[in-house]
Structures are given as C-alpha cells and as structure tokens.
Amino acid sequence: MFRRDFFKKTALAGAGVMMIPEILNASSLDSHETSGVKLKENAVILFQGDSITDAGRKREDETTPNKQSMLGNGYAMFASAHLLADNGEKKLQIYNRGISGNKVYQLRERWEKDCMEIKPDILSILIGVNDYWHKKSGKYDGDLGKYDADYRDLIAYTKMHLPETKIVICEPFIIAGGKALDETWESEFSGYRTVAKQISKDYKTVFVPFQKVFNEALKKAPVEYWGQDGVHPSMAGAQLMAEAWIKSVL
C-alpha cells in the first residue's frame, strides 16, 4: 500500500511540475522592484509565517541552516532545495521559522529571536490567513484594520533595524472550492490580500502574488490537486508556490 501510494503521489507531483511553467507564465509574475534580488555569497535567507510556511518543520535544531527537517515539508523547503541546488558556490544559509496558527501580532512577539537575531539578507513573510480565519471562528477579536496596522508596524520596524535586508511579502491566498471554505471567504478575505499588496507597494518590497497563481492553477486541475482544504497546499501546491516564489524574487 505504501509503495503504491508513494508512486501515485510522485506521479501526481511530476504532472504538477509539468503544468507549473504554463501556470506561472499565465500569471505574469512581477515584483514592485525593477530588478530581482541578487544572491550574494553567504546570504542568509529566512522564511517566516504560519502553518503554510511551518509545514511540519522540526524545531530540535533551529540554529542549523539548510537542514531538511528544519525547513519543513512545504514551499519553503522546495524553494530552499532549488536555491541550494542552483547556488552551491554561494554557501547560502536558509532558515524556516514559520509557526502554525500565527497571526501578525504573534510574529511581532517573537521577532527579536526569530528574525532580528538571524539578520537575514532576504526575509520572506507569508501571513494573514489566521488573522481572518481565527476571527471568523471566534478565537480572535482582531480585524482587517488591526492586520493592516500590525503588519505595517512589523515591516517598518524591520526596515529601520535591518535596512539592508531585502523583504519579500507573499500574498495570503485561498484555493477556491476547498473544504474549509464557505461562500464568505472570497469576499471577506480579499481585503487581507489587498492590504498585504498595498503594504508591499508602500514599503517597496518584493511581492509574490500567490492568489493569482492559484487562480491560474485551478484552470489546470481541481482544488483537491492543489490543496484539498483550500488553505494548506498539497505537495503539488507547495511546489507551485516554491517556483512562483523563485520567479518573483530572483
């Protein structure tokens, strides 16, 4: 059973990889900056966010860069594998400090340890789904205005204290039709995407338009293929995100 499931998943992932270039081309990826981020030797890259970034990463040895178990099983790991495979001579140091369930204010609470001490050359942030989801479920009393204010405070603080760090803001997204979503998600969550994009523009960061990418992806395969619950990507969805990140950032 394990062998059959493994080959089935591998075949599905392979099919997804074949579709990905077409999806990315249709998404017309770009950034707010006129040129991509240049990777320097010994560059430190940090992925930050919630469960989509966390993706089951191990925390036993967070201080060791490039460790597969520490990078998780999601887009951060796939993007890291790409970066490391293509830039062996640059001795990149890559970390993942995403934590499942986090909202923006929780990033801020741990920012000194999980960002400032690391001093990343490239800082990638994907945050927002829990700021909406937990409010919707009654577990959090924040709203869109708080998300905006908290996120702006986080980016302003980071730019003040790490002025040389290249910041990447990733668009919070949903995969339409997912089991965890109802009809209110598209209209209500869209504001969080708008805020993230505007903050990226205002602070002149790189922006990764994940919503546009998944909207294009759904023209090629159903939601079950990219991420069944509509929030957390599948293996193919994580690979799609990783390649979108690479194309948008570099």
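Biologist: Okay, is glutamate 22 buried, partly exposed or exposed?

Modeller: Glutamate 22 counts as partly exposed, at 47% relative accessibility. The cut-offs are under 20% relative accessible area for buried and over 50% for exposed, with partly exposed in between (1.4 Å probe, protein chains only). Keep in mind that this is a predicted model: local features need pLDDT of at least 70, side-chain atom pairs count only at pLDDT 80 or more, and totals for chains, interfaces and linings use all residues. Residues are numbered from 1 along each chain as its sequence is written, and side-chain values use heavy atoms, with hydrogens and water left out.

Biologist: Which side chain does glutamate 22 meet in a salt bridge?

Modeller: That's lysine 220, at 2.4 Å from N to O. A salt bridge here is a side-chain nitrogen of Lys or Arg within 4 Å of a carboxyl oxygen of Asp or Glu. Glutamate 22 sits in helix 1 (residues 2-27) and lysine 220 in the loop between helix 10 (210-217) and helix 11 (223-226), so the pair ties together parts 198 residues apart in sequence. Helices are DSSP runs (H or I, at least four residues), numbered from the N terminus. Lysine 220 is partly exposed too, with a relative accessible area of 39%.

Biologist: How many salt bridges are there in the whole structure?

Modeller: The search finds 18. Some are linked in a network, made up of Arg57, Glu62, Arg97, Arg110, Lys113 and Asp114.

Biologist: And what's the N to O distance for glutamate 62 and lysine 113?

Modeller: It's 3.5 Å. Lysine 113 also forms a salt bridge with aspartate 114, where the closest N and O atoms are 3.5 Å apart. Aspartate 114 is buried at 4% relative accessible area, and glutamate 62 is buried at 15%, whereas lysine 113 is partly exposed at 44%.

Biologist: New topic: which residues have the most contacts inside the largest nonpolar core?

Modeller: Ile125, Tyr151, Trp226, Leu240 and Trp245, in a core of 77 residues. Such a core is a set of buried Ala, Val, Leu, Ile, Met, Phe, Trp, Tyr and Cys residues joined through side-chain atoms within 4.5 Å. Helix 12 (residues 235-249) gives the largest share, nine residues.

Biologist: What does tryptophan 226 touch?

Modeller: Leaving out residues up to four places away in sequence, its partners include Met19, Ile23, Phe214, Pro233 and Leu240. Contact means heavy atoms within 4.5 Å.

Methods: Helices (H or I, at least four residues) and strands (E, at least two) are DSSP runs, numbered from the N terminus.
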